[in-house]
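Please look over the model shown here. The report starts at the ligand, then turns to the sheet and the helices.

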Amino acid sequence: MKSGPLLRAEQVVKRFGGVKALDGATVEVKPGFFTLLAGPNGSGKTTLINVITGVIPPDGGRIYYGGRDITKVPPHERRRLGIFRTFQTPRIAHRLTVLDNVVVGHLQQERPTLGGWQRGERELAERALQLLKLVGLDHMWDRPAGELSGGQMKLLELARAVMSGAEVLLLDEPAAGLNPSLALDLFKRLRDLAKSGVALLVVEHRLDLAIDYADYAYFMHEGKVVLEGPPQQVFTNPLVAQIYLGE
Ligand SMILES: Nc1ncnc2c1ncn2[C@@H]1O[C@H](COP(=O)(O)OP(=O)(O)OP(=O)(O)O)[C@@H](O)[C@H]1O
């Protein structure tokens, strides 16, 4: 499983009344990869994320995780298995310190092991600090999390998710509301996080900003993946401009 996909959504179909939100979409995410999910408004990106987390049951297709068919597995169980998503507003504890926000991630594991506790607080704090370093927040470790900027709060939430056992992180427009320079910084951190072994699937509209950091890209249109490959190659394909111009 090491070099193969950790997660595969295969030929996913989802209808809402007469609307075919997903029409046979297939995507894969791999550990260590920052994978981009792009496409115009209404192309099905959010629906696909929701099918992967299990909150929306698909009308067709399958979801595989570590080779296991999880299409019928409920959302909380998928989360326990390591599939996490983040929300527009980061869910962090503003009054706890930055470090404590990550440490409590350990407690959020569905089954924190006794071994984990026996390793002791110090080891948990060290692991949390490592994760903070990865997302560039280690210098803020003892500050209340409420003092962080919006982008930093998102990174903190990701560090905590990894601390609580996330192997796949699904991010729906994490850079929404950030100016271009902060968005670039966020994508750079996301790349570093992916390189540490996490599988990232990131929905993003501002392709020009994400293109240098992502490893692989899918481009969706009308519920289908119409292009995929290295980001530069995908986004210089004339079809992308045609689709956006046609909007
Ligand atoms: N709960 C729902 N009920 C009815 N239609 C829905 C629902 N969710 C999504 N749709 C429709 O399915 C299609 C795909 O929507 P989706 O939100 O997945 O696209 P998207 O690519 O994420 O768009 P955006 O970039 O605007 O967020 C759209 O036509 C949308 O109107």
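## Ligand shell

Strand 2 (19–29) and helix 1 (45–53) each supply at least two residues of the shell around the ligand. Helices (H or I, at least four residues) and strands (E, at least two) are DSSP runs, numbered from the N terminus. Helix 1 gives the most, with three residues. The shell comprises F16, V19, A21, G39, N41, G42, S43, G44, K45, T46 and T47.

By type, the shell holds three nonpolar residues, seven polar and one charged. Here Ala, Val, Leu, Ile, Met, Phe, Trp, Tyr, Cys and Pro count as nonpolar, Asp, Glu, Lys and Arg as charged, and the others, Gly among them, as polar.

## Basis of the model

This is a predicted model: local features need pLDDT of at least 70, side-chain atom pairs count only at pLDDT 80 or more, and totals for chains, interfaces and linings use all residues. Residues are numbered from 1 along each chain as its sequence is written.

Six strands form an open sheet in the order 6-7-8-3-9-10, with mixed pairing. Two strands pair if DSSP finds at least two bridges between them. Strand 6 (83–86) and strand 10 (224–229) are the edges, each pairing on one side only. Neighbouring strands are turned by 20 degrees against each other on average, direction ignored. Axes are lines fitted to C-alpha atoms, for helices over the stretch in contact, and angles run from 0 to 180 degrees between N-to-C directions.

Strand 7 (residues 168–172) and strand 8 (residues 199–203) run parallel, joined by five bridges. V168 of strand 7 stands opposite A199 in strand 8.

## Helices on the sheet

Helix 5 (residues 150–163) packs on the sheet and touches strand 6 and strand 7. Its direction makes about 165 degrees with that of strand 6. Contact means that the C-beta atoms of two residues, placed from the backbone, lie within 7 Å. Helix 6 (residues 180–195) lies across strand 3 (34–38) and strand 8, at about 150 degrees to strand 8.

## Helix 3 against helix 5

Helix 3 (residues 98–107) packs with helix 5 at an angle of about 30 degrees, the axes 7 Å apart. The two helices are therefore roughly parallel (under 35 degrees; over 145 is roughly antiparallel, 65 to 115 roughly perpendicular, the rest oblique).

V98, N101, V102, G105 and H106 in helix 3 meet L156, A159, R160, A161 and M163 in helix 5. These contact residues divide into six nonpolar, three polar and one charged.

Definitions and conventions:
A residue is near a molecule or strand if its C-beta atom, placed from the backbone, lies within 6 Å of it.
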